[in-house]
Amino acid sequence: MCKNIDVQAMKDDIIMKIKYFDAGKALGMVGAAMESFNPKAIKAKCESLFDEDLMFKLSGHLRVVKDFGYWAVTRFQGIF
């Protein structure tokens, strides 16, 4: 069975939520999240995950992907 949707009630509810939205509280939460963000710690964690052997293997695979992407672009440029 189909439900009747009260559009006016939904619109009033959205307007009420916007009217009483506490922007200070939202900005406080964003500010706290930004203060806890430490890019140096994230960089140190990432550097400890990658050793020289893994970087060598990844660079080989990335070279293949780069070469294929370059080939596709030049191939389609040659057609047109």
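A compact globule of 80 residues would have a radius of gyration near 12 Å, but this chain has 26 Å. That radius is taken over C-alpha atoms, and the globule rule is 2.2 Å times the number of residues to the power 0.38. Along its principal axes, the C-alpha trace spans about 60 × 45 × 30 Å.

Now, some ground rules. This is a predicted model: local features need pLDDT of at least 70, side-chain atom pairs count only at pLDDT 80 or more, and totals for chains, interfaces and linings use all residues. Residues are numbered from 1 along each chain as its sequence is written, and side-chain values use heavy atoms, with hydrogens and water left out.

How confident is the predictor? pLDDT is its confidence in each residue, from 0 to 100. The chain averages 78, and 95% of the residues score at least 70. Confidence is lowest in helix 2, residues 23-36, at a mean of 75. Helix 4 is highest, at 83. Where pLDDT is low, the predicted coordinates should not be read in detail.

Next, the fold. We have 4 helices and 0 strands. Helices (H or I, at least four residues) and strands (E, at least two) are DSSP runs, numbered from the N terminus.

Take A44. Its place is in helix 3, residues 39-49. A44 is partly exposed, at 44% relative accessible area. From its C-alpha atom to that of H61, 17 residues apart along the chain, the separation is 24 Å.

Last, L62. This residue lies in helix 4. Buried or exposed? L62 is exposed, with a relative accessible area of 57%.

Notes:
Buried means under 20% relative accessible area, exposed over 50%, partly exposed in between (1.4 Å probe, protein chains only). pLDDT is the predictor's confidence in each residue, from 0 to 100.
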